[in-house]
Amino acid sequence: MRCESVHKINLPEGLGADEEAVKRRFGSLERYRRFLRMLPEDDNADRLERAERAEDYGEAFRCAHTIKGLAATLELGPLLETAAGLTEELRRPPYDERKIREECRRLRQEMDRCCGLIRRI
């Protein structure tokens, strides 16, 4: 079965998805697009913000790790990199609250940017 080009589904380049990896993982780009469109509905970024404000770093870790996994599965390089940084920061104490707050802000911005691009396809 021949897969169509990522560009034929108008996939924004800013997502960082690798066409060949997408084809291998999802089999078809239409299937990839279907999964990709689920990301804006995911509530982990909201849960992460609440956990960070409550200083519940265990919950924050779980949310960041889930976003990292979603980004890896969907081949979203910039989101994966941002989520990985926060996940490592939250992996074990002692916690640097200032750095965690900044990394949470960066992750939210990247998530919002990616979701905005996804909503356009």
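**Figure 1. Glu 55 in the loop between helix 3 and helix 4.** Glu 55 is found in the loop that joins helix 3 to helix 4; helices are DSSP runs of H or I of at least four residues, numbered from the N terminus. Its phi is near 55 degrees, a positive value in a residue other than glycine. With a relative accessibility of 46%, Glu 55 counts as partly exposed (buried is under 20% relative accessible area, exposed over 50%, partly exposed in between, with a 1.4 Å probe and protein chains only). The model is predicted: local features need pLDDT of at least 70 and side-chain atom pairs count only at pLDDT 80 or more, while totals for chains, interfaces and linings use all residues. Residues are numbered from 1 along each chain as its sequence is written, and side-chain values use heavy atoms, with hydrogens and water left out.

**Figure 2. Helix 3 against helix 4.** The axes of helix 3 and helix 4 come within 8 Å and cross at roughly 155 degrees; axes are lines fitted to C-alpha atoms, for helices over the stretch in contact, and angles run from 0 to 180 degrees between N-to-C directions. The two helices are therefore roughly antiparallel to each other (angles over 145 degrees count as roughly antiparallel, under 35 as roughly parallel, 65 to 115 as roughly perpendicular and the rest as oblique). The crossing is left-handed, that is, the near helix is turned anticlockwise from the far one by less than a right angle. Helix 3 contributes Asn 44, Ala 45, Arg 47, Leu 48 and Ala 51 to the contact, and helix 4 contributes Glu 59, Ala 60, Cys 63, Ala 64, Thr 66 and Ile 67; contact means heavy atoms within 4.5 Å.

**Figure 3. The buried face of helix 4.** The end C-alpha atoms of helix 4 are 24 Å apart, which agrees with the 24 Å that its 17 residues should span at 1.5 Å a residue (the expected span is 1.5 Å times one less than the number of residues). Buried in this helix are Tyr 57, Glu 59, Ala 60, Cys 63, Ala 64, Ile 67 and Ala 71. Seen down the axis of helix 4, these residues fall within an arc of 160 degrees, so they line one face of the helix; the arc is that of the directions from the helix axis to the C-beta atoms. They pack against helix 3, helix 5 and helix 6.

**Figure 4. Glu 75 between helix 4 and helix 5.** Glu 75 lies in the loop between these two helices. Although Glu 75 is not a glycine, its phi is positive, at about 60 degrees.

Figure 5. Helix 5 covers residues 77–90, and its 14 residues should span 20 Å at 1.5 Å a residue; the end C-alpha atoms are 20 Å apart, in agreement. Its buried residues are Leu 79, Thr 82, Ala 83, Leu 86, Thr 87, Glu 89 and Leu 90. Viewed down the axis of helix 5, they fall within an arc of 160 degrees, so they line one face of the helix. Their packing partners are helix 3 (44–53), helix 4 (57–73) and helix 6 (97–119). In the loop between helix 5 and helix 6 lies Pro 94. The peptide bond from Pro 93 to Pro 94 is cis, with omega near 5 degrees.

**Figure 6. Helix 3 against helix 6.** The axes of helix 3 and helix 6 come within 10 Å and cross at roughly 165 degrees. That makes helix 3 roughly antiparallel to helix 6. The contact involves Ala 45, Asp 46, Leu 48, Glu 49 and Glu 52 of helix 3 and Ile 100, Arg 101, Cys 104, Leu 107, Arg 108 and Met 111 of helix 6.
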